[in-house]
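Here is a friendly walk through one model, from its sheet to its helices and domains. Please keep the viewer open as you read.

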Amino acid sequence: MPDERIAALAAGLRGKGERLTPARRQVLTTLAQSDHHLTAEEVLTEVQAQTANVHRATVYRTLETLSRLGIVEHTHLGHGPAVYHLADDAHHHLVCEACGRIVEVPVTLFRTVERRLRDEYDFVMRARHFAVVGRCRACA
Ligand SMILES: [Zn+2]
Ligand SMILES: [Zn+2]
Ligand SMILES: [Zn+2]
């Protein structure tokens with residue numbers, strides 16, 4: 001399954017005239033295999049655990065390039081560093097400010113707000129860039 005996902009992402013890269021370099025494959029595989037969101041530093045640690053001699057700058061540059069190409073997205077869950085995930089699995093994040101619990105919710109949830117902001121304020125919202133902060137049921 002991860003392999004199929006990587007193959008699909010590689011096809012997406014080719015469609016943009018880009019190649020799946022070894023560094024890009026490592027970063028995408030790391031993100032595909034993780035069951036939670038990773039900071040750039042965590043991606044770096046994981047990639048270096050898999051392959052020796054991968055430079056920190058290479059991993060950071062790769063994350064930047066993949067973000068620019070729309071293959072990878074980052075989001076801000078709270079006060080800490082940004083976290084990364086694969087853009088093929090679009091979702092919004094709710095984060096509990098008390099316990100830090102993260103809940104992923106469908107993008108359709110914000111459609112009405114997006115439409116109203118566009119129609120009434122000529123504003124294109126990128127809600128996925130930030131999490132919605134609040135309290136989960138246990139902490140409310
Ligand atoms: Zn950002
Ligand atoms: Zn996410
Ligand atoms: Zn909570």
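Two strands count as paired if DSSP finds at least two bridges between them. Helices (H or I, at least four residues) and strands (E, at least two) are DSSP runs numbered from the N terminus. What you see is a predicted model, in which local features need pLDDT of at least 70, side-chain atom pairs count only at pLDDT 80 or more, and totals for chains, interfaces and linings use all residues. Residues are numbered from 1 along each chain as its sequence is written, while chains are lettered from A and ligands numbered from 1 in the order in which they are written.

In what order do the three strands form the open sheet? The order is 1-3-2, with antiparallel pairing. Strand 1 (38-39) and strand 2 (72-75) are the edge strands, each pairing on one side only. Two bridges link strand 1 to strand 3 (residues 83-86) in the antiparallel sense, and Thr-39 stands opposite Val-83 in strand 3.

Contact here means that the C-beta atoms of two residues, placed from the backbone, lie within 7 Å. Axes are lines fitted to C-alpha atoms, for helices over the stretch in contact, and angles run from 0 to 180 degrees between N-to-C directions.

| Helix | Strands touched | Angle between directions |
|---|---|---|
| Helix 2 (residues 22-33) | strand 1, strand 2 and strand 3 | about 90° with strand 3 |
| Helix 4 (residues 56-68) | strand 2 and strand 3 | about 100° with strand 2 |

**Helix against helix**

Helix 2 and helix 4 also pack on each other, at about 75° and with their axes 10 Å apart. That angle makes helix 2 roughly perpendicular to helix 4 (the term covers 65 to 115 degrees; under 35 is roughly parallel, over 145 roughly antiparallel and the rest oblique). Helix 2 brings Ala-23, Arg-24 and Val-27 to the contact, and helix 4 brings Thr-58, Val-59, Thr-62, Leu-63 and Leu-66.

**A loop residue**

Asp-35 sits in the loop between helix 2 and strand 1. Is Asp-35 buried or exposed? Asp-35 is exposed because 4 other C-beta atoms lie within 10 Å (exposed means 12 or fewer, buried 20 or more, and partly exposed in between, with C-beta atoms placed from the backbone).

**Two domains**

The protein chain is divided into domain 1 (2-86) and domain 2 (92-134), with bounds from an automatic or database domain assignment. Their C-alpha centres lie 23 Å apart, and five residues of domain 1 are in contact with eight of domain 2.
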